Amino acid sequence: MPAAIEVEGLVKRYGGLTAVDRIDFSVPAGSVFAFLGPNGAGKTTTVEILEGLRQRTSGTVRVLGLDPWSDGAELHRRIGVIPQEFRFFEKITPREAVEYYRALFGSSVDPDEVLGRVELLDKRSARFDQLSGGQKQKLGLALALSNDPEIYFLDEPTTGLDPHARRAIWNVIRSIRAAGRTVFLTTHYLEEAELLSDRVAIIHHGHLIAVGTAAEIIAAHGGPARAVFEAAPELATRLTARLGVAARASGGRVVVDLAGPHDALRVLSAAEESGLPWSSFSTERDTLEDVFIRMVGEMDDGALKGESAP
Ligand SMILES: Nc1ncnc2c1ncn2[C@@H]1O[C@H](COP(=O)(O)OP(=O)(O)OP(=O)(O)O)[C@@H](O)[C@H]1O
Ligand SMILES: [Mg+2]
């Protein structure tokens, strides 16, 4: 698939601060790319460079084959943007806003259909300044949908939304992808990134520290899968003796690392053979969030100890 976005050696400096430091990645057309990182990592800076809203210091950037800074006028007709803090004219209603966008881009979308997709139909006649934070975010997405763009740049589109509204936005993102469009998503909800994205990049202090599918990043940086019993600590002692692998006990849980997917059966048999009681058994593995917290934490610890960043 051709790349919708290609970034090579991108650098952005604000005075003495290097907010983005020589990052490389590409986003295939028709995919969802999740761009993750802690506060201040450089996400919005990168997104706004891709959108042509900020000028890069150096590096190569191509979005739909265009240079976002010098070809901004053409690019803006072909992309949809929801900024991190979506604002609009205070007195305008969602329906008027979609109609305004429709006229601006010469698109033929039905405003009610677009507002229905983001579950905002009930507020179509409310003034913007009377919408809740989540409703404003939904309107931002509705406006992005209004000109049927080739790439959607969504900077934290679900921040502050209730769980039901977040799922509505997830469904919209899935439908955008199903229509063959590309989504560049930033989010602090790691499970959302894991669920929705084809590929993930993690940025920290301006450096990319991981790029790949969520499964690849978890496999490369996560710990082993684990068997977990709710049981008294004696079970850990017994399992350690029987299995030759250290079982750990804490907080009413006994945890054993697994050598592979079939190892769970061996662990379960050993627990049965011990004759000791246990009330529940499950297996767990690191999520993208576990891996993210560990990677970012380890790098911050390294920085505190005076090691240089990569
Ligand atoms: N216009 C600016 N002038 C100076 N420094 C800036 C400017 N915009 C951002 N920065 C700095 O650049 C760094 C990256 O900021 P950026 O907004 O890209 O982070 P982010 O990853 O989007 O964070 P968040 O998750 O909090 O939205 C931060 O240290 C920030 O203070
Ligand atoms: Mg940001």
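Arginine 22 is found in strand E2; helices (H or I, at least four residues) and strands (E, at least two) are DSSP runs, numbered from the N terminus. Arginine 22 has a positive phi of about 55 degrees, although it is not a glycine. It counts as partly exposed because it has 14 C-beta neighbours inside 10 Å. On this scale a residue is buried if 20 or more other C-beta atoms lie within 10 Å of its own, exposed if 12 or fewer, and partly exposed in between, with C-beta atoms placed from the backbone.

This is a predicted model, in which local features need pLDDT of at least 70 and side-chain atom pairs count only at pLDDT 80 or more, while totals for chains, interfaces and linings use all residues. Residues are numbered from 1 along each chain as its sequence is written, and chains are lettered from A and ligands numbered from 1 in the order in which they are written.

Leucine 64 is found in the loop between strand E4 (58-63) and helix H2 (72-78). With 19 C-beta neighbours inside 10 Å, leucine 64 counts as partly exposed.

The protein chain is divided into domain 1 (3-220) and domain 2 (224-284), with bounds that come from an automatic or database domain assignment. Taken over C-alpha atoms, the centres of the two domains are separated by 44 Å.

Next comes the sheet. Six strands form an open sheet of mixed pairing, in the order E5-E6-E7-E3-E8-E9; two strands pair if DSSP finds at least two bridges between them. Strand E5 (79-82) and strand E9 (207-212) are the edge strands, each pairing on one side only. From one strand to the next, the twist averages 15 degrees. Axes here are lines fitted to C-alpha atoms, for helices over the stretch in contact, and angles run from 0 to 180 degrees between N-to-C directions.

Strand E3 (residues 32-36) pairs with strand E8 (residues 199-204) in the parallel sense over four bridges. Four bridges also join E3 to strand E7 (residues 182-186), and these two run parallel. Alanine 34 stands opposite valine 200 in E8, and its bridge partner in E7 is leucine 185. Leucine 36 stands opposite isoleucine 202 in E8. Five of the five residues of E3 are buried: Val32, Ala34 and Leu36 point one way, and Phe33 and Phe35 the other way.

Helix H5 (residues 133-146) lies across E5 and strand E6 (151-155), at about 175 degrees to E5. Helix H8 (residues 214-221) lies across E8 and E9, at about 110 degrees to E9.

Isoleucine 203 is found in strand E8 and counts as buried because it has 25 C-beta neighbours inside 10 Å. Leaving aside neighbours within four places in sequence, isoleucine 203 is in contact with residues including Phe35, Gly37, Lys43 and Leu208, where contact means C-beta atoms, placed from the backbone, within 7 Å.

Around ligand 1 lie residues including Tyr14, Leu17, Gly37, Lys43 and Gln84; a residue is near a molecule if its C-beta atom, placed from the backbone, lies within 6 Å of it. Strand E2 (17-28) and helix H1 (43-50) are the elements that give two or more residues to this shell. The largest share, three residues, comes from H1. By class, the shell has four nonpolar, seven polar and one charged residues, where Ala, Val, Leu, Ile, Met, Phe, Trp, Tyr, Cys and Pro count as nonpolar, Asp, Glu, Lys and Arg as charged, and the others, Gly among them, as polar.

Technical notes:
Contact = placed C-beta atoms within 7 Å.
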